[in-house]
Amino acid sequence: MILPGVLPDVYRDQRILLGWAWTYLIVAELIGTSSGITWFITQQARYQHFDNVYAAIFMIGLLGFGGDLLLAILGKRLFRWELSTNKE
């Protein structure tokens, strides 16, 4: 059957696209917004509260990395057959 063979690759591609979505979300928030995480970062940088800027950037990275790690673990559990076929 084709679907079980394709699902792990589709899932992996979705993880990659989620990373791109985070990037576009941050870029979209930078353009003409008056709320959100990038607005907060811009305001804190304007008043030279760089500890808050670094904390916000760290939180964005932590959320992205944590989400990707969670999806990787979930993918290993969902697609056990792929792990057994790749080992030689």
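Predicted model: local features only at pLDDT ≥ 70, side-chain atom pairs only at ≥ 80, totals over all residues.

Me: What average pLDDT does the protein chain have?

Reply: First the idea: pLDDT is the predictor's confidence in each residue, from 0 to 100. Here the protein chain averages 88. A score of at least 70 is reached by 93% of the residues.

Me: Which elements have the highest and the lowest mean pLDDT?

Reply: Helix α3 has the highest mean, 94. Helix α4 has the lowest, 70. Helices (H or I, at least four residues) and strands (E, at least two) are DSSP runs, numbered from the N terminus.

Me: How many residues does helix α3 have, and what should they span?

Reply: The expected span of a helix is 1.5 Å times one less than its number of residues. Helix α3 covers residues 50–78, which is 29 residues, so it should span 42 Å. Its end C-alpha atoms are 42 Å apart, which agrees.

Me: Which residues of α3 are buried?

Reply: Buried means under 20% relative accessible area, exposed means over 50%, and partly exposed is in between (1.4 Å probe, protein chains only). In α3, the buried residues are V53, A56, I60, A72 and G75. Their cover includes α1 (2–30) and α2 (37–46).

Me: Which residues of α2 are buried, and what do they pack against?

Reply: T38, I41, Q43 and Q44 are buried in α2. The buried residues of α2 pack against α1 and α3.

Me: Take T38. What is it in contact with?

Reply: Contact means heavy atoms within 4.5 Å. Leaving aside neighbours within four places in sequence, T38 is in contact with I26, E29, L30 and T33. T38 is buried, because its relative accessible area is 4%.

Me: And which residues does Q44 touch?

Reply: Q44 also lies in helix α2. Not counting residues up to four places away in sequence, Q44 touches H49, N52 and V53. Its relative accessibility is 14%, so Q44 counts as buried.

Me: Is R46 buried or exposed?

Reply: R46 is in helix α2. Its relative accessible area is 54%, so R46 is exposed. R46 and V27 are 19 residues apart in sequence. In space, they are 18 Å apart, C-alpha to C-alpha.

Me: What follows α2?

Reply: Q48 follows α2. Q48 lies in the loop between α2 and α3. Its phi is positive, about 60°, although Q48 is not a glycine. Q48 is exposed, with a relative accessible area of 62%.

Me: How many salt bridges does the whole structure hold?

Reply: Side chains of opposite charge can pair when their charged atoms come close. A salt bridge is a side-chain nitrogen of Lys or Arg within 4 Å of a carboxyl oxygen of Asp or Glu. A search of the whole structure finds two.

Me: How far apart are the closest N and O atoms of R12 and D9?

Reply: They are 2.5 Å apart, in a salt bridge. An α-helix has 3.6 residues a turn, so residues three or four places apart point the same way. R12 and D9 are three residues apart in helix α1, so about one helical turn separates them. R12 is partly exposed at 35%. D9 is partly exposed at 39%.

Me: Where do R15 and D68 lie?

Reply: R15 forms a salt bridge with D68, with the closest N and O atoms 2.9 Å apart. R15 lies in helix α1 and D68 in helix α3, so the pair ties together parts that are 53 residues apart in sequence. R15 is partly exposed at 24%. D68 is partly exposed at 28%.

Me: Which residues make the nonpolar surface patch?

Reply: Patches are made of residues with over 30% relative accessible area and no salt bridge: like charges are joined within 9 Å, nonpolar side chains (Val, Leu, Ile, Met, Phe, Trp, Tyr) within 5 Å. Accessible areas come from the Shrake-Rupley method with a 1.4 Å probe, and for residues, only the protein chains shown count as cover. Here M1, L3, L7 and W81 make a nonpolar patch of about 480 Å². W81 lies in helix α4 (residues 80–86). At 36% relative accessibility, W81 is partly exposed.

Key
Residues numbered from 1 in each chain as written. Heavy atoms only, no water.
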